[in-house]
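Please read it with the structure open.

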Amino acid sequence: MSSVGSPIPSQTSFYVKCSKLLLSAAFVSMALALSACNGGGGGGTVNPPKNPAEPVQPQPQPIAAEYLPAAGFWNGRKAAGPWCQGKVSTQSLHAQSVSEESLLAAPTDAMRGLSGLSENLTGLTVQSAGPQELALLLPTGEDAGAALARVKAQNVTVDGEFGYWITVQATPAQAQRLVAQGLVQYAEKLPTLKTVGLPAPSDATLGNQSKYLPMMNTQAAWSQLDLGCDHPVVAVIDGGWTGSTTHAEYNLVPQSAWFNPIKAQQGNAESTEMNPGYDHGTAVAGVIAMTTNGYGAGASVSYNLAKVLPINARTTGSSIGATAAVQGIEYAVGQTTINGQVFTNPYPASVINLSFGSDATRSPSQFFQSAFTAAANRGVVIVAAAGNELASGTTDTAGLNHSIGVAGVMFDGNRWVDPHRAGFGSNYGPGVDVAAPAMAVPTMVNGAAEFWSGTSMATPWVSAQIAMWMYANQHYRADGSRTQGLRGDALYNKLYACFAAIGSNRGTKDEYLGFGKLDTGRLVSPTEAACR
């Protein structure tokens, strides 16, 4: 075994073997699975001929003990290994080291430039429209606390407080009056957010990791990495975690750190999906969290190097709450305050995965933009799904600045246009930055294998790639910085330059696949100058 490079995991043949497939497929699909596994058209068992003797198949090398994960939740420590020796670990962040200020406590130049009503709010019939979920920007030239007190004195119901931003339940007419009175600088209607993925048919002809891992050159990345560095945390803000954790515990942060901003509970990310069979958040997280070399049937894209923090921002109405989503972003970065209670995240995220978004709106949410920019200024990368309507334009989350917008591809690497459902496929537009597998992507939910399609599933693939880039940076740099010491625009510009160099579109960016599929081997290579 070489001194550098993770061994090829024992589950790389995800669902190729018939026995694995049959255990995971739905009962109604077993006949299809059997016909795909048997050689003849009539089915049944075909005995191999005795002569000539079949060649002996080479046996895979056993996995060395240091690459076999221990049972149970990740303990917050980096795995012992040859990388990052002598570098100070920055894995956990205790309460006393977290800034007490809100992520949006200080107004940015963009916030100072906002005024009046957003286009999507002025488009409503101001005098007749009922209460809406709105985001209000307090006057940026005043003290935020005093300005908030004046707004509350107007009997406005405040849902969330984010420094100079607040979210409220109010009518457009109320918002108009608050702006006219100078109590609010700017007001906008918050977008309705939805998840963007559905389970795909689970018959044996659909995809598996043996197709996608080589297409994304993932094994080449694994062969260049090794244990020893801190594990980047990926916060998955979605519908929470459902059922068994056995297949993923080693790649999940301790359950005490999970978070539900809607219930204002730490240590709880239990799913609130209306349909018990629609476990979107768990399926998304599974792409990153499946434990490689043990406890499941599949290999994590990031080979046990990244850890996942589940955050449940899904409402009982089966949609993502806008206020809860930004509270989730604040918590992922370090800390949020809900109803006066401070929640501190002991495992701050380096990457935030948003497999949800809005329909196209006439004006993007400046409230969300402020949160995205604030996260970028802390060195955190947001990765967001482009949407599944096969339409021009991307979701709000993918289209905003300081976000990596992810489109989907099929098994052949071309843009994902779902063959099983009309009008279902990857959106396109200037918000698309990169592309990743979106058709029948394998994951695990409640300990069982499932296949899901959607840009929701392409997004965690890219989140895992960004986490591996950060992991490699720690080893290659003397200062151990995951982001190469970059934040804000500089961080994203570095990523875009890297994507242009290693993307399948060979340096060009189009509206369908952005820079294209990322070559993961080149993404983590020490000799890829554009990425290092």
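1. In H14, the buried residues are Gly488, Leu491, Tyr492, Lys494, Leu495, Cys498, Phe499 and Ile502. Viewed down the axis of H14, these buried residues fall within an arc of 155°, so they line one face of the helix. H14 covers residues 488-502, 15 residues in total. Its span from first C-alpha to last is 22 Å, close to the 21 Å expected at 1.5 Å a residue. Please keep in mind that this is a predicted model.

2. Helix H13 runs over residues 455-476 and has 22 residues. From its first C-alpha to its last, H13 reaches 32 Å, close to the expected 32 Å. H13 is mostly covered, with 20 of its 22 residues buried.

3. The second largest pocket has a volume of about 360 Å³. Its lining is made of 23 residues, and those closest to the centre are Ser102, Glu161, Phe162, Gly163 and Thr337. By class, this lining has 8 nonpolar, 10 polar and 5 charged residues.

4. Which elements each supply at least two residues of the lining of the second largest pocket? They are helix H5 (144-152), strand E3 (157-162), helix H10 (322-333) and strand E12 (335-338). The largest share, 5 residues, comes from E3. In terms of domains, at least three lining residues are drawn from each of domain 1 (109-189) and domain 2 (203-531).

5. The structure holds 3 cavities of 30 Å³ or more. In the largest cavity there is about 70 Å³ of space. The residues that line the largest cavity are Glu66, Tyr67, Leu68, Pro69, Ala79, Leu227, His231, Tyr250, Tyr303 and Asn304. Sorted by class, they are 7 nonpolar, 2 polar and 1 charged.

6. The second largest cavity has a volume of about 30 Å³. Val236, Asp238, Gly240, Trp241, Gly281, Ala285, Pro310 and Ile311 line this cavity. Strand E8 (233-238), helix H9 (280-289) and strand E11 (307-312) are the elements that give two or more residues to its lining. The class counts for the second largest cavity are 5 nonpolar, 2 polar and 1 charged.

7. Ser355 is located in the loop between strand E14 (351-354) and strand E15 (356-358). Is Ser355 buried or exposed? Ser355 is buried, and its relative accessible area is 0%.

8. Asn304, which is among the residues lining the largest cavity, has a positive phi of about 65° although it is not a glycine. Asn304 sits in the loop between H9 and E11. The relative accessibility of Asn304 is 6%, so this residue counts as buried, the cut-off being under 20%.

9. Cys84 has a positive phi of about 60° and is likewise not a glycine. The loop that holds Cys84 is the one between helix H2 (30-37) and helix H3 (109-112). With a relative accessibility of 5%, Cys84 counts as buried.

Conventions: Residues numbered from 1 in each chain as written. Predicted model: local features only at pLDDT ≥ 70, side-chain atom pairs only at ≥ 80, totals over all residues. Heavy atoms only, no water. 1 Å grid on protein atoms, 1.4 Å probe; cavity = no way out; pocket = protein on both sides within 12 Å on 5 of 7 lines; lining within 4 Å. Points joined across faces, edges and corners; volume = space filled by probe spheres on them. Helix = DSSP H or I, 4+ residues; strand = E, 2+ residues; numbered from the N terminus. Nonpolar A, V, L, I, M, F, W, Y, C, P; charged D, E, K, R; others polar. Domains from an automatic or database assignment. Expected span 1.5 Å × (residues − 1). Buried < 20%, exposed > 50% of the residue type's maximum accessible area, 1.4 Å probe, protein only. Arc of directions from axis to C-beta.
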